[in-house]
Amino acid sequence: MGAKFSLNSLKVNLKMGESRVDMLLNKKKILINQTINEICNLLKDNKKAYDHARIKCESLLGLEKNISALEVLKLLMEVVRTRLGLLDAMQQCPLELVECISSIIYAQPRLNNDVPELNTIVKLFYMKYGKKWCDLHVQNESASVSARIIEYCSVMIPTSDIIKDRLKD
């Protein structure tokens with residue numbers, strides 16, 4: 001017989017995931033400040049370094065997007081963790097948790113390098129709600145994933161106008 005859903009395991013992994021996200025956010029915010037300083041130094045020291053500054057700025061924008069995704073993910077995990085009693089009481093996913101759980105499932109393949117606890121959390125959702133239900137959320141076929149998670153997890157390269165505007169700041 002296969003593994004069974006464990007509410008306690010979900011609770012522990014949600015809490016560990018939240019803690020990991022907190023650590024990552026602190027690290028990445030420090031990295032953002034360092035990158036901003038590097039860009040400023042490149043722009044004021046040498047006008048020829050503009051192309052290098054543009055590349056750094058593109059990286060900075062991606063890092064900021066990743067931070068936003070992690071912040072939203074942390075909130076989603078907190079909501080699920082605080083409503084574990086409701087989740088445990090119902091066989092089907094409670095309507096008020098569908099967006100949170102589907103967004104966590106959607107974010108897992110996109111953020112699991114940063115937050116490995118997502119792998120266990122999503123496996124537990126698969127055990128609780130089944131493969132068919134969970135698979136609908138991996139690519140947002142259910143259309144219930146948070147728009148913010150979709151935006152922040154996308155890998156769209158910023159346009160040159162966005163980069164230029166950011167460099168002016």
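The axes of H4 and helix H6 (residues 131-138) come within 8 Å and cross at roughly 65°, which makes H4 roughly perpendicular to H6 (a class covering 65 to 115 degrees). This is a predicted model, in which local features need pLDDT of at least 70 and side-chain atom pairs count only at pLDDT 80 or more, while totals for chains, interfaces and linings use all residues. Residues are numbered from 1 along each chain as its sequence is written, and side-chain values use heavy atoms, without hydrogens and water.

**Packing of H4 and H6**
- The crossing of H4 past H6 is right-handed (the near helix is turned clockwise from the far one by less than a right angle).
- From H4, Ile101, Ser102, Ile105, Tyr106, Pro109 and Arg110 meet Trp133, Cys134, His137 and Val138 of H6 (contact means heavy atoms within 4.5 Å).
- Seven nonpolar, two polar and one charged residue make up the contact of H4 with H6.

**Largest pocket**
- The volume of the largest pocket is about 370 Å³ (a pocket is an open set of points on a 1 Å grid where a 1.4 Å probe fits, with protein on both sides within 12 Å along at least five of seven lines).
- Its lining comprises 20 residues, and Gly62, Lys65, Tyr152, Ser154 and Met156 lie nearest the centre of the pocket (lining residues have an atom within 4 Å of a point).
- At least two lining residues come from each of helix H2 (50-82), helix H4 (95-111) and helix H7 (147-153); H2 gives the most, with eight residues.
- By class, the lining of the largest pocket holds 11 nonpolar, four polar and five charged residues.

Key: Points joined across faces, edges and corners; volume = space filled by probe spheres on them. Helix = DSSP H or I, 4+ residues; strand = E, 2+ residues; numbered from the N terminus. Nonpolar A, V, L, I, M, F, W, Y, C, P; charged D, E, K, R; others polar. Axes fitted to C-alpha atoms, helices over the stretch in contact; angles between N-to-C directions. Parallel < 35°, antiparallel > 145°, perpendicular 65-115°, else oblique.
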